[in-house]
Amino acid sequence: MSSAVFDYLIPITFIVGLFVCWKDINARFTISCFLIPTTISTMTLSWALSMPVGFYIWSIVTSGIFLCFVFSRRYLAYKFKQIPFFEDAYKQHTYSVQEAVLILISLVCIFNNTIALVEVCLYLNYWIDNAYYKLYVRDNLQRIMIIMSAVVGFSYAIKKAYYISNLQKS
């Protein structure tokens, strides 16, 4: 599978998920908060790929930005409460299991990229002879995390859409 597929898998999944669960305000706001750092990440990817060591710092920072949006979602809704959408999002705010899994995935990515950053710096300074972790572990683990993020994000949207459809039937 081409690595370009992995670059766009999460944003495409979140956009499709946004349409799937459009009727649920909380889900719409949650996925929108997921889309902001994902869009920033996608837009700056080619720039980050041009830096051999800086790429790992960029990866750590983008995962951190994602975590900031997840944790500050309720606060953002509160700050913009004068707009009816955000008022409803603030009132209906809940955390889900999928959000917890996405937080865990982001933390794994931060840890993974930190190890790779240290190893690449050691390799570039000739302290080690082979960047084994970067070559054989990091890239594969990142791909697994990307696939898991896409699956978890889409399962969140389907769960919310199913909940809303069942709510409308009763």
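## Tyr126

Tyr126 counts as exposed, because its relative accessibility is 73%, where exposed means over 50% relative accessible area, buried under 20% and partly exposed in between, with a 1.4 Å probe and protein chains only. Tyr126 lies in the loop between α6 and α7, and it has a positive phi of about 65 degrees although it is not a glycine. Helices here are DSSP runs of H or I with at least four residues, strands are runs of E with at least two, and both are numbered from the N terminus.

## Basis of the values

This is a predicted model, in which local features need pLDDT of at least 70 and side-chain atom pairs count only at pLDDT 80 or more, whereas totals for chains, interfaces and linings use all residues. Residues are numbered from 1 along each chain as its sequence is written, and side-chain values use heavy atoms, with hydrogens and water left out.

## The chain as a whole

The chain has seven helices and zero strands, so that, with these definitions of elements, its order from the N terminus on reads α-α-α-α-α-α-α. Its C-alpha atoms fill a box of roughly 65 × 35 × 25 Å, taken along the principal axes, and buried residues make up 41% of the 170 residues.

The accessible surface of the chain comes to about 9,800 Å², of which 71% belongs to carbon and sulfur atoms; such areas come from the Shrake-Rupley method with a 1.4 Å probe, and for residues only the protein chains shown count as cover. Among contacts (heavy atoms within 4.5 Å) between residues at least 6 apart in sequence, 72% join residues at least 24 apart.

## Helix α2 and its partners

The axes of α2 and helix α3 (residues 54-71) come within 9 Å and cross at roughly 170 degrees, and the two helices are therefore roughly antiparallel to each other. Axes are lines fitted to C-alpha atoms, for helices over the stretch in contact, and angles run from 0 to 180 degrees between N-to-C directions; those under 35 degrees count as roughly parallel, over 145 as roughly antiparallel, 65 to 115 as roughly perpendicular and the rest as oblique. By class, the contact of α2 with α3 has 14 nonpolar, three polar and no charged residues, where Ala, Val, Leu, Ile, Met, Phe, Trp, Tyr, Cys and Pro count as nonpolar, Asp, Glu, Lys and Arg as charged, and the others, Gly among them, as polar.

Helix α2 (residues 25-49) also meets helix α5 (residues 84-91), with axes that come within 8 Å and cross at roughly 100 degrees, which makes α2 roughly perpendicular to α5. In this contact Ile25, Asn26, Arg28 and Phe29 of α2 meet Phe85, Phe86, Asp88 and Ala89 of α5, a set with five nonpolar, one polar and two charged residues.

Gln142, placed in helix α7 (residues 132-169), counts as buried because its relative accessibility is 12%. Leaving aside residues up to four places away in sequence, Gln142 touches Cys109, Asn112 and Asn113, and its side chain is joined to that of Asn112 by a polar contact of 2.9 Å. A polar contact is a pair of N or O atoms within 3.5 Å; within protein, one must be able to donate a hydrogen and the other to accept it, and residues adjacent in sequence count only if both atoms are side-chain atoms.

Tyr95 lies in the loop between α5 and α6 (97-124) and is partly exposed, with a relative accessible area of 47%. Not counting residues up to four places away in sequence, Tyr95 touches Val70, Phe71 and Arg73.
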